[in-house]
Structures are given as C-alpha cells and as structure tokens.
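Reader: Hello! Could you walk me through this model, one question at a time?

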Amino acid sequence: MQPNFEKPEWVPPNAGMEYATIIRPGVELVPADHVAAAQQTPQRRNLSIQEYLQGIRQGDRTILGRAISLVESNSLRHLESAQELLTLILPFTGHSFRIGISGAPGAGKSTFIESLGCYLTQLGHKVAVLAVDPSSSISKGSVLGDKTRMEKLVQEPNCFIRPSPSGGALGGVARKTRETVLLCEAAGYEIILIETVGVGQSEIQVRSMVDFFLLLNIPGAGDELQGIKKGIMEIADAVVINKADGDNIPKAKLAQAEYTQALQYIQPATMGWKSSVHLCSSLLNQGISEIWQEILKFQSLVQQNGFFEKRRKEQLREWIHQLIQEYLYNLFYQNSEILQAIPGIKQDVFENRISPTNAARKLIQLLQK
Ligand code: GDP
C-alpha cells in the first residue's frame, strides 16, 4: 500500500509539503487469544535468598547466573540482598584454584582458554571462566565480549562462562569479579580462569585476585621484548608463547629464549618459584597439558611452603583497602557541599591564592563536619 500524505487541519491552506504528515498502513491487530497467551507467560519470579543459596549449592547454572547479576547490580536494594547472599555462601568459598590469563588482543586468549578449559573438563574438573575487561568501562565497547568465543567450551556441562561485568570504573568491575569468584566457588567450580586484556592496570587488578598469573604472548619478529613492559613480566608466574605452530615455530623458539633470559633479571612474581616460558598451540591443542603440569607443580609448591595462604590473606587485605578507598571517594564526590565548593577552590588554586594541599584539606574538612 502506498503511503498517503495528509496535512493537519491547522496548516495554512497554501502551505507546501513541509507540513505533510505521512499516514502509513497500520499493523494488523493481534488476535485476542494471542494476547491472552502472552499474558499467561510466567514472568521471571524474584528468588528468595534461600532459593539462591540452594540453587547455587546444587550447581544450578541459571540460578548462579542470576546471583551474579544480583552481585553486579548497582542498585542499592540489590546490594543488601547480594551481601546477605554472599555472607551465607562464605563458608563454601575459597576452595578453588584461581588462574589469571592476560595477553594483548589477538594473542589467542579465548582460543587458549577454550583449549585449556576443554582439557580440564575432560579431566573431570568443573571450570568457570570470568573476564575483567577494562575496555567495557573506558570506551563502553568490549574487547573480550565482541566475538563468538569458546564455542566448544560453552557446550561443556562442567563449564560456566560469564563475560565481564560492564559499567563503572575498573575498580568496580574488579570488585564484582571478586564476588563472582566466590559465587562460582560455592557452586562447586574448582578451577576459575579469569581473562583480561593486556593493556596495563587490569593485569594488576587480576593479579590481586588470583593464585597463578599467566601471560600469553605470540612470537614476533625477534624484537618482542622491546614492547613488553617489565612490570607485566614481574607479575607473571608463567609466560606462554602461543601460536607455536607451522611457520611460527622458529620465531616461537627464539621468543622463548629471549623471554627466558629476560626473566633471569626479574624478581620472581611468587617467592620460591621460578617463572618459566612455555610454547603452545591453542589451535592444535599442543603444549596445553605441559602448561597444566607446570600449574600443578606451582600449586603444590605454594601450598606446601605456606605462600598460598599468605597471598590469599594479602589479597583479602587489599580488597578491603580498595573498598574503603572506593567508599570514601564516593562519599566525597557525592557530598553536595563539597561539589558546590570545588569550582571556587579550584579557581583559588589557579590564581595562587591557596596551595593545592590546603585546597584539598579545606574540601576534606567539609566531609568531616
Ligand atoms: P584474543 O583476542 O586474545 O582472545 O585472541 P583469539 O583467541 O580470538 O585469537 C586471535 C586469532 O589468533 C584467531 O584468529 C585465532 O584463530 C588465532 N589463534 C589463536 N591461537 C592460535 C594458535 O595457537 N595458532 C594459530 N596459528 N593461530 C591461533
């Protein structure tokens, strides 16, 4: 049907098409029985805290997913329920081995996690895969969630995959992931893989929530070390050169030698452990079991020498410290008196009437009133 052009009655009689209204053919009415059927579709019912707890303990992945959404919610109402739930699950947490995996975009993180994840589920382990994606809070886009990922792993009944929480600063994203780890542990996941993109701060955040940190690299033209920040090497318990297959093998071996040498001059990330460099091909599932053996060796060492417990305690201390910082920051920037005073005090600093230190003190005094 062609659209009709009709003018509203208040339009001057000799006006042109600028006042035209297009009348388009309408849509057919939904038959009454369809409306009735739609009304009968059950709405997603709110779960009680006890139902969440039970579902999680029974390993129900749908309820686990909903519990994670509750923890990720920014609403104050949800915060109370989430904290109530977390308190109840605490006795069932802490028993997993937490592994951080970082690498530049394209290094093969999702392929590697798929390969390692499938290997582990075949060994009978329950594996959860989480992500900390700084790009989702900076650019609103997501580096880790924008492609079809881990197609085989996602079908494994013993695997649970959850993309990065979005929104808020990196600190907030990390807080949510820490709580998600606890929920997954209470649901019986014994190995938690936390993926992050190698772009700086996010690796440090992930390091502070895992027991083992793995850096994934790819063979380059022999000068790859120039581009690697020393800081990242310092926090890695293992470096893996991925894509060591086909024509890449000589380059991969060269990279392995170079990273091995570089690691000799770097303080180990974990006391008593010597970080080493491994080759693998995630695409061909080669080298994966050797890397897992290395992780098991690490696990048994740190559990024997007490470093495992020590690091977990340090991480809890750091977590509390971060929460206090976050809380105080919000208290400061949500205080209306402070918000009003900031522009004037900034101007005083710009025009040298007050020092920056005194400006900050003056503002903080408003919080202490
Ligand atoms: P991510 O961005 O780090 O998650 O990287 P992806 O896992 O998406 O991999 C990026 C590209 O590298 C994809 O085209 C993969 O197929 C490819 N890739 C990943 N691992 C390997 C590998 O071991 N060998 C080869 N040849 N290619 C790989």
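This is a predicted model: local features need pLDDT of at least 70, side-chain atom pairs count only at pLDDT 80 or more; totals for chains, interfaces and linings use all residues.

Reader: Which helix holds K253, and how far apart in space are K253 and L279, C-alpha to C-alpha?

Author: K253 lies in helix 11, which covers residues 249-264. Along the sequence, K253 and L279 are 26 residues apart. In space, C-alpha to C-alpha, the distance between K253 and L279 is 7.7 Å.

Reader: Where is K243 found, and is K243 buried or exposed?

Author: K243 is found in the loop between strand 8 (238-241) and helix 11. Its phi is near 65°, a positive value in a residue other than glycine. Inside 10 Å there are 24 C-beta neighbours, so K243 counts as buried.

Reader: And N352, what is its phi, and is N352 buried or exposed?

Author: N352 lies in the loop between helix 14 (336-350) and helix 15 (356-368). Most residues other than glycine have a negative phi. For N352, phi is positive, near 55°. With 7 C-beta neighbours inside 10 Å, N352 counts as exposed.

Reader: Let's turn to the ligand. How many residues surround the ligand, and which helix gives the largest share of the shell?

Author: The ligand is surrounded by 14 residues, and the closest are G108, K109, S110, T111 and L283. By class, the shell divides into 3 nonpolar, 8 polar and 3 charged residues. The largest share of the shell, 3 residues, comes from helix 5.

Reader: How are helix 5 and helix 12 oriented relative to each other: roughly parallel or roughly perpendicular?

Author: The axes of helix 5 (residues 109-122) and helix 12 (residues 288-304) come within 10 Å and cross at roughly 70°. Angles of 65 to 115 degrees count as roughly perpendicular, so helix 5 is roughly perpendicular to helix 12.

Reader: Which residues make that contact between helix 5 and helix 12, and how do they divide by class?

Author: Helix 5 contributes S115, L116 and Y119, while helix 12 contributes I288, S289 and W292. By class, the residues of this contact divide into 4 nonpolar, 2 polar and no charged.

Reader: Is C184 buried or exposed, and which residues is C184 in contact with beyond its neighbours within four places in sequence?

Author: C184 lies in helix 7 (residues 170-186). It has 27 other C-beta atoms within 10 Å, so C184 is buried. The C-alpha atoms of C184 and F160, 24 residues apart along the chain, are separated by 8.5 Å. Leaving aside those sequence neighbours, the contacts of C184 are A128, F160, Y189 and I192.

Reader: Which members of the largest nonpolar core touch the most other members?

Author: In soluble globular proteins, nonpolar side chains tend to be buried together. I192, not counting residues up to four places away in sequence, touches S96, R98, I99, A128, L130, V181 and C184. Among the 65 residues of the largest nonpolar core, those touching the most other members are A67, L183, I192, L193 and L214.

Reader: Finally, how many helices and strands are there, and what percentage of the residues is buried?

Author: The protein has 15 helices and 9 strands. Of the contacts with a separation of 6 or more, 72% are between residues 24 or more positions apart. Among the 369 residues in the protein, the buried share is 31%.

Note on methods
Residues are numbered from 1 along each chain as its sequence is written. Axes are lines fitted to C-alpha atoms, for helices over the stretch in contact, and angles run from 0 to 180 degrees between N-to-C directions. Helices (H or I, at least four residues) and strands (E, at least two) are DSSP runs, numbered from the N terminus. Angles under 35 degrees count as roughly parallel, over 145 as roughly antiparallel, 65 to 115 as roughly perpendicular and the rest as oblique. Two residues are in contact if their C-beta atoms, placed from the backbone, lie within 7 Å. Ala, Val, Leu, Ile, Met, Phe, Trp, Tyr, Cys and Pro count as nonpolar, Asp, Glu, Lys and Arg as charged, and the others, Gly among them, as polar. A residue is near a molecule or strand if its C-beta atom, placed from the backbone, lies within 6 Å of it. A residue is buried if 20 or more other C-beta atoms lie within 10 Å of its own, exposed if 12 or fewer, and partly exposed in between; C-beta atoms are placed from the backbone. A nonpolar core is a set of buried Ala, Val, Leu, Ile, Met, Phe, Trp, Tyr and Cys residues joined through C-beta atoms within 7 Å.
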